[in-house]
Amino acid sequence: MSRTMKQCLHLGNTNVLGVISLIITLGSLNVKVAECRAIGLGNSEYSAINCRKHSATLTDFGGVGDGKTSNTKIFATAIANLTQHASDGGATLIVPSGKWLTGPFNLTSHFTLFLQKDAVILASQDEKEWPSVALLPSYGKGRDAPDGRFSSLIFGYNLTDVVITGQNGTLDGQGSYWWVKFKKKEFTLTRPYMIEIMFSDQIQISNITLINSPSWFVHPIYSSNIIVSGLTILAPIDSPNTDGVNPDSCTNTRIEDCYIVSGDDCISPKSGWDNYGVKFGKPTKNIIIRRITCISPDSAMVALGSEMSGGIEDIRVEDLTAIDTQSAVRIKTAVGRGAYVKNIYVRNLNLNTMKYVFWMTGSYGSHPDPEFDPKALPVISGINYKDIVAKNVTYAARLEGIPNDPFTGICISNVTMELSKEQHKLQWNCTDISGVSNNVTPTPCEELQQKGKSDCVFPTDKLPIEVMFLVEQSSQVYLNVGLTYSRNNRK
């Protein structure tokens, strides 16, 4: 069982819950850890930020898993029914094996959506099942079309304590319908995302497979305390805007142990678009991204922006692998964005077949309005890369700041890049940037040749999202930390 979350064990066909609560004091930090055992899911166990006292299956409400019958009303009825348990230990909705066709549905607080093995939630291709929702205030316009946007397949608003997990069950967005119409410019609304959770706290999305989203896959926005773990995300490499995980104006987020094949950026922290994002003013900060494998020939493994007008700061990226991917950790911005990207820390990258290893863009062209503020200049500073091995590289770096608004404080250390047969003659293309480098091959551009410290910075402190779930759930750990505990069994 992994670190930091509560263990839930489910057996048999009835619903019984037992909880052992343990209060562990580590210095000044109190961490509450519970081991939960419930009956009702068959022989399975899973980790979760919270376990539930009540559970039901989709078939209890008349669900039909034949891949043809619409279950949109069934999901709505089931979740509405289970909402009554929010103040009494919460509830789990179990999606059993089968193909469950549905339009969008809304989640509730203190709730777990659990996809059993061989369960597939199929997104309806009937547009009449997809309601429109309000534009995002930090964007002002739709990303595909200005007039509005379709609801996401799984949607949540103003929630606390939400878990989407399972035994590697599948969400299938059936995106080809949406991609074709998008390429033909037939939509007046922005395409739906697969999962979007807004203005919420304590979110877990883990151990499921997501395929063929109409657009972005996972989009937590205006939210905090988020764990995204153990996802397999798959889309054709030519599918439009199928970003994997995009935390947007979010605080305290951990993205880890995911495998992503995408037609766009695998992971892309964001925080709003031009003047709308500046006015909304909610940054994305305190983000951990680690142990990710990405394949994206036309986009980035991690892209910061380009929608970054609320600010992006304290992003920690480590132990990532990219295969046949356009760039590694990219910064995208433009005149009109305003705000900042600062205090970015990257280490331990394993890169194989890359167009660019380092890429920063100060002229990313998309804007919500044609008349953007030319005085809204972004501040890009404190960008640190270290301990990178890259093979089969076409360009070492394309680092393009903004005239009269240079990108500063760039640090690159301990980097080895092996060039491909198609290597570009100019390996380092640097304009309007400044920084330092040490032990980098091939030799960086003059703007980075000032010698810095022997190593670039990577913080040693723990972010809150790490500390919240730091304690390993094993008796050995319990015995070694000298805890005190109380036992409280409920039925």
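Reader: How far apart are the sulfur atoms of C430 and C445?

Author: A disulfide is called here when a pair of cysteine sulfur atoms lies within 2.5 Å. C430 and C445 form such a disulfide, and the distance between their sulfur atoms is 2.1 Å.

Reader: On what kind of model do these values rest, and what are its limits?

Author: The model is predicted, so local features need pLDDT of at least 70 and side-chain atom pairs count only at pLDDT 80 or more, while totals for chains, interfaces and linings use all residues. Residues are numbered from 1 along each chain as its sequence is written, and side-chain values use heavy atoms, with hydrogens and water left out.

Reader: Is the link of C430 and C445 right-handed or left-handed?

Author: The angle about its S-S bond is -90°. The link of C430 and C445 is accordingly described as left-handed.

Reader: Where in the chain do C430 and C445 lie?

Author: Helices (H or I, at least four residues) and strands (E, at least two) are DSSP runs, numbered from the N terminus. C430 belongs to strand β31 (residues 428–431). C445, 15 residues away, is in the loop between β32 (433–441) and β33.

Reader: Are C430 and C445 buried or exposed?

Author: Buried means under 20% relative accessible area, exposed over 50%, and partly exposed in between, with a 1.4 Å probe and protein chains only. By that scale, both C430 and C445 are buried.

Reader: Which cysteine is joined to C411?

Author: C411 has a relative accessible area of 11% and is buried. Its disulfide has an S to S distance of 2.0 Å. The torsion about the S-S bond is about -90°, so this disulfide is left-handed. The partner of C411 is C456.

Reader: How many residues apart in sequence are the parts that C411 and C456 tie together?

Author: C411 lies in strand β30 (residues 407–419), and C456 in the loop between β33 (450–451) and α4 (464–467). The pair therefore ties together parts whose separation in sequence is 45 residues.

Reader: What is the angle about the S-S bond of C266 and C294?

Author: The sulfur atoms of C266 and C294 are 2.1 Å apart, and the two residues form a disulfide. C266 is in the loop between β23 (251–261) and α3 (274–280) and C294 in strand β24 (residues 284–295), so the pair ties together parts 28 residues apart in sequence. The link is right-handed, with an angle of 75°.

Reader: How many disulfides does the rule give?

Author: A disulfide is a covalent bond between the sulfur atoms of two cysteines. Under the distance rule, the count comes to three.
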